[in-house]
Amino acid sequence: MSWRSRAAATALALCAVLAGCSEGDGSSSVGGKVVLRYTWWGNPDRAARTQEAVDLFEKKNPGIEVQTSFSGYDAYKQKLATQAAGGDAPDVMQLDYRMIDQYASGGVLMDFAKQQGALDTGEFDKGLLATGKVDGKQYAIPQARGTETVVYDTEQWKASGVEPPRQGWTWSEWADAMRALAEKTGKPGATDPGQSEDAFEIWLRGQGKALYTKDRKLGFTADDLARWWTFTDKLRREGAVSSAEQTTQIDGTVENTPLGRGTALSDTNWDAPSSGYLAIIPSGVTLAPMPAGEDGTPGQYFKPSMFMGVAADASHPKESVRLVDFMLNDAEAAKILGATRGIPVNETLRDAIAPELKDFDKTVYDFQASVEGKLNAPPQAPPSGDSALQTTFQRDYDQVSYERMSPREAAENYITEAKAELRS
Amino acid sequence: MTTTQLPTAAEPRRVEVPKKPPRRQREGAAWVFLSPWVLGACVLTLLPMAVSFYLSFTDYDLFNSPNWVGLRNYTQMFTEDPRYWRSVGATLMYVVIAVPLQLALALVVALALKNMKHGRAFYRSAFYAPSLLGASMSIALVWRAIFNDGGTVDNLFGTGGWVNKPGWALFAVALLTVWQFGAPMVIFLAGLQQIPGELYEAAEVDGASRWRQFLSITVPMLSPVIFFNLVLQTIQAFQVFTPAFAVSAGKGGPADSTLFYTLYLYDRGFVASHMGYASAMAWVLLIAIGAITAVLFRTSRSWVFYASEGDR
Amino acid sequence: MTTTTSTPAVRKPIAWRRVALHAGCLAALLVMLYPLAWLLATSLKPATEVIASLDLLPSKLEWSNYKTALDGVNDVSVTQLLTNSLLIAGGAVIGNVISCSLAAYAFARLRFRFRGPLFAFMIATIMLPHHAVLIPQYIIFNQLGMVNTYWPLILPKFLATEAFFVFLIVQFMRGLPRELEEAARIDGCGPFRSFFSVILPLTRPALITTAIFTFIWTWNDFFTQLIYLFSPEKFTLTLALRSFVDASSTSAFGPMFAMSVIALLPIVLFFLAFQRFLVEGMANSGIKG
């Protein structure tokens, strides 16, 4: 009995350590100045531009000092999770679509309604703004938007003589094009989209379905997934899309996609990151819309590429929201930032910076303009289990593409895992 | 100060020692030496370990307060998670391949360098060079280039790519570890340095062959260090993380073939936010490694020789 | 640097053996150093070839990779990053050598109650994957107000938390004959004197090994630095080189490779400087006068 009570006492003490340590964060005002911590992910170019904008903010708000920090995406995710778990989340943070549900329901994020008036969202698209809501509360503000695209090697596609993609093409037209490309060039037409949860979502939406229902359950059945994987698996076996050995090397960078390695002619990717292809394919790439459902229902949508959120226990919530407002709505800041985080969400600013966009930023802007008004509203932020499921999706499809499981078996596996993930 | 001469282990010399100080005084001295370690162990090691042990019985998800779930994490791991068992299999395979290869290579190179008259410093540095890198992102990219389709290994031996084939990727990752054999090599070299030259001189006088000297001087005198390397490399191999994380870009692919134990643990804990489950995994690993290490320590009594205990 | 042996013809069999040994070592080195050559070559490749090209040599030398890397990251100069890295690695070396040798001496040469169980506990601490204790440790350092300082990276080393090195030094100390201290005791040395003037000099190879490994491993320890350092001006070279690669935007692999080569230089120098002492080890310190 005695060890039990001792264990219970220890556990209690540890709980106290874990739960009760979020307060008492000193050092938030130095020499009468309010000090904010602001973190984001990105590359050195984004860091330089963000720093410039932050400097401008400090100049306009002499009483506030902003400490900034950044790292690459994967490192950022890990660091932010540790900070949040340790009760030490930065005051202002950049968030991904997949983080919002988790961080909001875990009490890390502040409801922007608490600082009404400090942030102006009048210039934001209502549908896009709603993606930052969890249970009706605005926990995050979209900062920029992106959309998926079929990005292809312009010259090689042209040389093959296959008809180029057009607005509103369907998945079966896409598949035919891939087959034709493979036949003409001897190279697979595209990355095998079977491994991508994002591509599956677009295919699903093209049939009027969704990845998740409104109450955060799975929005599709094993039948749907088995059909998708049978479709992509068949294309892979025909050589119309990349082989398992090529597909498995995808690591999130454009350099390691089959298109980046020069072993396929196209890729399905987000629009802004596709700029990386320009360095590898000097002759140029073209952005084409994603295929639609067979009846023409568009599957792709404008997804907020990143959000800004404020910590629930921020020591200076008002100033934090002011920084968010500045980054999203200030005309000068928008000029400095350009499209480094994607095309801005503030519609006035978007039009204002349009003439100044250069190179690939312009390409992305034009591509987004070409599908503007033709897409359906984005879904709400995915449930917190989704960040794990994204990897699970890829792992289960590995079993299909390496021919260790049939599409049906793998799909049923996935559904079991997904249900367990969403339950907890 | 007087000159302290090194006695040889082969013929221990008994010295008349004056009265030892009282036991309590010696105990006190020991705790003075231990004090930094005790402080660190209590605050920075024991406390976090206790917390993680407690968390292994909860549903802790990094963001919300943990709820007690009893043994659920453990039963789920053993009965409902096929990927868990795949990670156990991959890890065992890795340990069996990487540890013996790395230690054998390190020992052979250290012995070759030991008797070398010229260029020893050069060779030692050059053989250590790969280990300076760690498993960084740049070396992972290099590794992928070398072991890819059309990469160096494919061109030379026509093997095709390794990093992208489920049966071969693990081997490529193990080779990365074996390649960085510098740490055990340096430890072996340091151990060889410590063997008194008098022992070999005496053996030479007795006309013992090189092989004989190796078996009856080098091996026993080096055995504490061999044992150290064996235990530590085994423990570290069970926890292999960075090489696989870097080479497979964090996925443990292709088809889960390099999804090692700690890689899956990290995936569960930080990607899926099931920190309770990840903690349970960590404690199962601790118990498994602990059992294996205990066996190694048990066997060490019969083959590890300590000069300080040689006469007892 | 390589030495070719020229031996008088009289000692032919031994010369043959030496030539074979050198030939074997050089052949092994050729294989071993190939990936390093690749790393070096890649740091000079133009962007189009960094990942896609499977040739060792770049088509043209792209020195701008180094120029970008030397510009530093986000207003923080390379000198600053280098200083930070050196500060952390240097502090860690001092901490580990002092604290681990103290603890090791107690475990290896002194008798005290619970020695066996405590030693077992120490070994057990390296068996728990560090990801499992990351968050509790973070909470502790956050409570101590040490996040975004170098303390979480250096303080643990002064408290002998790296059981690897304690165990390493213990093994070396146990290899020393017990008569050493007994002789010292005849001279009237207490445990402190015999530790400093008898045991410590004789454990020098192990201490040098500890210093070298601590320096290199601390230098390359991306993970801990990432978690505990917030302000870019406190960043290290290891952190900075990773920031060239971001999966969600455009990566700069060329400068990243250049930065890895730059970050490699200090540890190469450190290793070259200290590895000399490994040789001397016993030869110089065997006899204390």
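I started with the definition of elements: helices (H or I, at least four residues) and strands (E, at least two) are DSSP runs, numbered from the N terminus. This is a predicted model, so I noted that local features need pLDDT of at least 70, side-chain atom pairs count only at pLDDT 80 or more, and totals for chains, interfaces and linings use all residues. Residues are numbered from 1 along each chain as its sequence is written, while chains are lettered from A and ligands numbered from 1 in the order in which they are written.

**Entry: chain C overall**

I read chain C along its sequence and got α-α-α-α-α-α-α-α-α-α-α-α-α-α. That is 14 helices and 0 strands. I then looked up burial (buried means 20 or more other C-beta atoms within 10 Å of a residue's own, exposed 12 or fewer, partly exposed in between, with C-beta atoms placed from the backbone). Of the 289 residues of chain C, 52% count as buried. For contacts I used C-beta atoms, placed from the backbone, within 7 Å. Among contacts in chain C with a separation of 6 or more, 71% come from residues 24 or more positions apart.

**Entry: helix α7 of chain C**

How many of the 8 residues of helix α7 (residues 151-158) of chain C are buried? I found 6, so this helix is largely enclosed by the rest of the structure. The buried ones are C:P152, C:L153, C:I154, C:L155, C:P156 and C:K157. Just after α7(C), I noted that C:A160 has a positive phi of about 55°.

**Entry: the core**

A nonpolar core here is a set of buried Ala, Val, Leu, Ile, Met, Phe, Trp, Tyr and Cys residues joined through C-beta atoms within 7 Å. The largest has 295 residues, and A:I100, C:A103 and C:V166 have the most contacts inside it. Helix α4 (residues 78-109) of chain C gives the most to this core, with 13 residues. I followed C:A103 and, leaving out residues up to four places away in sequence, found that it touches B:F33, B:L34, B:P36, B:W37, C:A160 and C:V166.

**Entry: chain C against chain B**

Here 92 residues of chain C are in contact with 89 residues of chain B. On the chain C side, helix α14 (residues 253-285) gives the most, with 14 residues. I sorted by class (Ala, Val, Leu, Ile, Met, Phe, Trp, Tyr, Cys and Pro nonpolar; Asp, Glu, Lys and Arg charged; the others, Gly among them, polar). The side of chain C that touches chain B has 63 nonpolar, 18 polar and 11 charged residues.

**Entry: B:P66**

B:P66 lies in the loop between α1 (23-55) and α2 (72-79) of chain B. Is B:P66 buried or exposed? It is buried, because 22 other C-beta atoms lie within 10 Å. I also checked B:I287, 221 residues apart from B:P66 along the chain, and the C-alpha atoms of the two are separated by 23 Å.

**Entry: chain A against chain B**

This contact takes 32 residues from chain A and 26 residues from chain B. The largest share of the chain A side, 7 residues, comes from α17(A). By class, the side of chain A that touches chain B has 12 nonpolar, 14 polar and 6 charged residues.

Key:
Two residues are in contact if their C-beta atoms, placed from the backbone, lie within 7 Å.
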